[in-house]
Amino acid sequence: MTRNFMSRIPDLDRTASSNLDVLREEACRMLGPLVLSIALLATSFCGPQYLALAEVPQSPPETYFLDDSGLLAKSQISFLEQGLSSLRDTSGFNVRYVNVRSLGFEISPQEYAAQLFEQWNLGSKDVLVVSSTKLAKAAIVAGSEAQKILVPEITESIASATYALPAGQERYTSAAADVVNRLIPILKGEKDPGPPRVTQESASGTFKSKEDTKEGRGKAIKVVGILLVLSFVIPFIQYWWYVKDQ
């Protein structure tokens, strides 16, 4: 009897090993797509989706526009660049426009623009516009000569009204065009066209504040964490239910 029992031990080992192999294969089959989906979801919620200063060209690009978001219509950009080229030829003022999707939570558009202005070693007649489509905010930094025309009241109005109102309605190309079309006559010494003729209240609810965005990001992280735990637990429960009667 002992001999019979001992002879069955290899069969038991092979059975256990086979069950473990089945468990591993089943877990991999079920976990693979879930883990991949959750990783992509986590990246979309939590991953860096902004253009870091280290990723910006170390010197100003040859074009007037740098659109990292890919949300601006290329045909419109080409048209606006013609106007900026004419502005430089007639007045000497050089306007550069950088559009990004997001700047992250650690830096404001004004800080980003100031650092990029210094990184590019821009001059007294240079003007740098930085806009964020996700934040629906913009900032303007100007050299010493341009500051004589672009006084703080004008730059703040362009950032808070000319850009923010259409951008808050997700009309990003129109927002960029409005900014450029307002800057050009001002820098030519002509009358300021002023901001769009709409009330601030009409756009006050079109985009989230920084606090709301942070709160939403925190909730997203919790959801991703729960999904990740479930993706590991559910397959094992399913496998246990499958083999418990066998």
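In which helix does Val223 lie? Val223 belongs to helix H7 (residues 210-243), helices being DSSP runs of H or I with at least four residues, and strands runs of E with at least two, numbered from the N terminus.

1. Basis. Residues are numbered from 1 along each chain as its sequence is written, and side-chain values use heavy atoms, without hydrogens or water. This is a predicted model, in which local features need pLDDT of at least 70 and side-chain atom pairs count only at pLDDT 80 or more, while totals for chains, interfaces and linings use all residues.

2. Span of H2. The 18 residues of helix H2 (residues 74-91) should span 26 Å at 1.5 Å a residue, and the end C-alpha atoms are 25 Å apart, which agrees. The expected span is 1.5 Å times one less than the number of residues.

3. Ile77, Leu80, Glu81, Leu84, Leu87 and Ser91 are buried. These residues lie on the same side of H2, because they cover an arc of only 115 degrees around the axis, taken from the directions from the helix axis to the C-beta atoms. On the other side, Ser75, Phe79, Gln82, Asp89 and Thr90 are exposed. Buried means under 20% relative accessible area, exposed over 50%, and partly exposed in between (1.4 Å probe, protein chains only).

4. Surroundings of H2. Its buried residues pack against strand E1 (65-67), strand E2 (94-100) and helix H6 (172-187), contact meaning heavy atoms within 4.5 Å. Just after H2, Gly92 has a positive phi of about 90 degrees.

5. Ala164. This residue of helix H5 (residues 152-168) counts as buried, at 7% relative accessibility. Ala164 and Ala136 are 28 residues apart in sequence and 5.3 Å apart in space, C-alpha to C-alpha.
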